[in-house]
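Colleague: I would like to go through this model term by term. Please set each value against the cut-off behind it.

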Amino acid sequence: GFPPRPFTEPRSHAASGSAARECHAARVRRDAHRGNQAGGRTCGRYAASERHDPFGRRRDTQSSMPRELITVQIGQCGNQVGCKFWEMALKEHAAANPKGVYDEAMSSFFRNVDTRYDDPEEIGVGDGQGLIRSLKARAVIVDMEEGVVNATLQGPLGDLFDSRQFLADTSGSGNNWAHGHEWYGPKYREELLEKIRRPAEFCDSLQSFFLMHSMGGGTGSGLGTYVAEMLADEFPDVYRFSSVVFPSVDDDVVTSPYNSVLAIEKLNEHVDCVLPVDNSALQDMVAKSQGTASRGRGGGASASGGASRLPSPSAGGGRVGDTGPGSFDAMNGVVARMLLSLTASMRFEGSLNTDLNEITMNLLPFPRLNFLLSSMSPCIGFGDLPGSKQGSAGSIAARRIDHSFTEAFQLDHQLLR
């Protein structure tokens, strides 16, 4: 009852295979060209950061689509830096968004959810004019000791984090890289992967992962590099940035040099861009900032919006050169300010609105030369700001941009000695 199919001349297997290869090559060139135009990384047939989500599902995107980042905080140092990072990020977005609307800039770091339901409902950006209901950070918090995790949950930022994004153990890694990398990593691999996959599924255009961890401890160096390796396997098309804190020369942990060397090899292989800082540089910068705040210099830093305002150690009872709670808080603030400044051009509109992948494209000549030297200029303390208790309106002299640029190459402004 069906009409006969029209007769077609059969093609040889060689001819059909050649045509298939030509069509596939054309698709690869087409999608690669689209991915380059969109500014995303291409891998095979598609550009994951702009044309597909992290799991390979194709989507229609526009140039104005929000670009999200997920932070993975590992170990005591990584979580303390992360808490300071989220505190400063909230203040920065509150200053830039006084109306309290959930826009594209806010969606880079935060989710907007309706907590009236048992399973909070996700509220999208929409037209960028919807009010904020309840913010949840795009963060995963990992530590093999419960102290820092419990302090984060019970602290002032406890409601900012999703309790399902926490992973903790009780015994710790004992400042042993192998214990974190070879024992805790395989033990919690599936649980770690699930906790990272969950916030990734809420992203429309996942830009990168931000890892925060130390290099001297066992959890930060061992488990931190294991997570980086796992992300490279499971999310190969999403950029991985790692902000690591190197131990100082006079560190009292005898295994910290070995942990650092073992971690460097893994970071060099599995991370796209490493932003290293070390404790001695942070201590010197904080001490210089407090000294500037107490003295006031005629040729001080500018009070413009681009200034890196460092928290004063005296707020926590610390002194110059002290390593008390106030000094550690100020040191964490330096690292947090560096990360916020790095992502500001991606989150906020302006003449320098760029993607993070342009950093790797422009600053990394080869994939394995992926350690970048970070520097901050100008660096000023709160006492130097006009109207502060310690400083006066005339304590800061205006400076030219080229002066700040030249100052960024000086050793005392670099975050790595």
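Colleague: Which residues does N370 touch, not counting residues up to four places away in sequence?

Modeller: N370 touches L267, N268, V271, D272, C273, V274 and L364. Contact means heavy atoms within 4.5 Å. This is a predicted model, in which local features need pLDDT of at least 70 and side-chain atom pairs count only at pLDDT 80 or more, while totals for chains, interfaces and linings use all residues. Residues are numbered from 1 along each chain as its sequence is written, and side-chain values use heavy atoms, with hydrogens and water left out.

Colleague: Why is N370 called buried?

Modeller: Buried means under 20% relative accessible area, exposed over 50%, and partly exposed in between (1.4 Å probe, protein chains only). N370 has 0% relative accessibility, so it counts as buried. Its place is in the loop between α11 (357–363) and β13 (379–381). Helices (H or I, at least four residues) and strands (E, at least two) are DSSP runs, numbered from the N terminus.

Colleague: What does the side chain of N370 reach, and at what distance?

Modeller: The backbone oxygen of V271, at 2.7 Å. A polar contact is a pair of N or O atoms within 3.5 Å; within protein, one must be able to donate a hydrogen and the other to accept it, and residues adjacent in sequence count only if both atoms are side-chain atoms.

Colleague: Is N175 buried, partly exposed or exposed, and what puts it there?

Modeller: N175 counts as partly exposed because its relative accessibility is 35%. N175 lies in the loop between β8 (166–168) and α5 (177–187). N175 also has a positive phi of about 55 degrees, although it is not a glycine. Most residues other than glycine have a negative phi.

Colleague: What makes β3 a mostly covered strand?

Modeller: Seven of the seven residues of β3 (residues 68–74) are buried. E68, I70, V72 and I74 point one way and L69, T71 and Q73 the other way, and all are buried. In a regular strand the side chains alternate between the two faces of the sheet.

Colleague: How do you know that β3 pairs with β9 and β7?

Modeller: Two strands pair if DSSP finds at least two bridges between them. Six bridges join β3 to β9, and these strands run parallel; L69 stands opposite S208 in β9. Four bridges join β3 to β7, again in the parallel sense, and the bridge partner of I74 in β7 is V142.

Colleague: Which strand does β9 join through seven bridges?

Modeller: β10, which runs parallel to β9. The bridge partner of S214 in β10 is V245. β10 is mostly covered too, with eight of its eight residues buried. On one side these are Y239, F241, S243 and V245, and on the other R240, S242, V244 and F246.

Colleague: What makes a set of residues a nonpolar core, and how many residues has the largest one?

Modeller: A nonpolar core is a set of buried Ala, Val, Leu, Ile, Met, Phe, Trp, Tyr and Cys residues joined through side-chain atoms within 4.5 Å. The largest has 47 residues, and those with the most contacts inside it are F85, W86, F109, F110, F161, L356 and L415. α10 (325–347) is among the elements that each supply at least two residues of this core, and α10 gives the most to it, with ten residues.

Colleague: Which residues is F110 in contact with, leaving aside neighbours within four places in sequence?

Modeller: F110 is in contact with W86, A89, L90, H93, Y102, L135, K136, A137, R138 and L160.
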